[in-house]
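Have a look at the model first, then read on.

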Amino acid sequence: MQEIILFIMAYLIGSIPTSVWVSKYFFNLDIRDFGSGNAGATNTFRVLGVKAGSFVFLFDFLKGFVAVDLAYLIMAGEMSNAALTNLQIGLGIVAVIGHIFPIWANFRGGKGIATLFGMILAIQPTVALCLVAVFVVMLFTTRYVSLSSIAASVAFPILLLFIFREPVMLYKVFAISAAVLVVLAHHKNISRLVAGNENRVP
């Protein structure tokens with residue numbers, strides 16, 4: 001019963017539509033009606049600029065972090081490391097699903113990249129910091145948020161499997177699945193990058 005309540009809480013936290021609320025209350029528009037139509041940090045950077053995009057990215061990042069840390073509300077000290085990690089992964093996945101299909105915004109959300117990063121930071125900080133470094137380096141080098149997100153996501157299973165040698169099987173499967181899903185979710189961005197039509201961050 002406790003776990004069910006935590007999963008509901010994780011979904012509701014993930015469902016907070018940061019970019020939608022920021023765009024409506026500070027810019028008098030719905031971010032989903034502009035740019036790619038996506039309610040995430042990437043489109044916010046593209047449409048509303050660096051300040052708004054950075055705020056949305058940070059808040060969405062924290063959603064994943066907070067959702068994962070809900071695991072500590074049920075006496076996580078009495079759980080094995082593998083059991084705790086599995087619970088954290090479950091909560092993080094539910095938060096990402098909430099971001100993609102937010103109940104507070106008619107189930108039209110973003111792609112979950114920032115929330116995914118926050119989830120990883122809470123579970124394995126060193127890996128998350130490496131991914132953030134990849135994202136930042138790519139962003140400042142190319143000025144493409146979408147390409148930076150893809151690069152960091154692909155780096156996730158590579159780091160986990162070959163550098164940090166993660167022992168929890170579910171985490172390894174999740175890392176590979178997340179990378180594949182992120183690439184698939186960005187297929188339109190990839191097409192625009194190939195065609196030279198993708199917008200850079202100013």
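**A helix tucked inside**

Helix α3 (residues 41–48) has 6 of its 8 residues buried, so it is largely enclosed by the rest of the structure. Buried here means under 20% relative accessible area with a 1.4 Å probe, protein chains only, and helices are DSSP runs of H or I, at least four residues, numbered from the N terminus. This is a predicted model, where local features need pLDDT of at least 70 and side-chain atom pairs count only at pLDDT 80 or more, while totals for chains, interfaces and linings use all residues. Residues are numbered from 1 along each chain as its sequence is written, and side-chain values use heavy atoms, with hydrogens and water left out.

Which residues of α3 are buried? They are A41, T42, N43, T44, F45 and L48, and they pack against α2 (18–27), α4 and α8 (145–163), with contact meaning heavy atoms within 4.5 Å. Just after α3 comes G49, with a positive phi of about 105 degrees.

Now move on to α4 (residues 50–69), which packs with α5 (residues 81–100) at an angle of about 145 degrees, their axes 8 Å apart. Those axes are lines fitted to C-alpha atoms over the stretch in contact, and angles run from 0 to 180 degrees between N-to-C directions. On the α4 side, the contact is made by D60, K63, A67 and V68, and α5 brings Q88, L91, G92, A95 and H99.

Technical notes: Helix = DSSP H or I, 4+ residues; strand = E, 2+ residues; numbered from the N terminus. Buried < 20%, exposed > 50% of the residue type's maximum accessible area, 1.4 Å probe, protein only.
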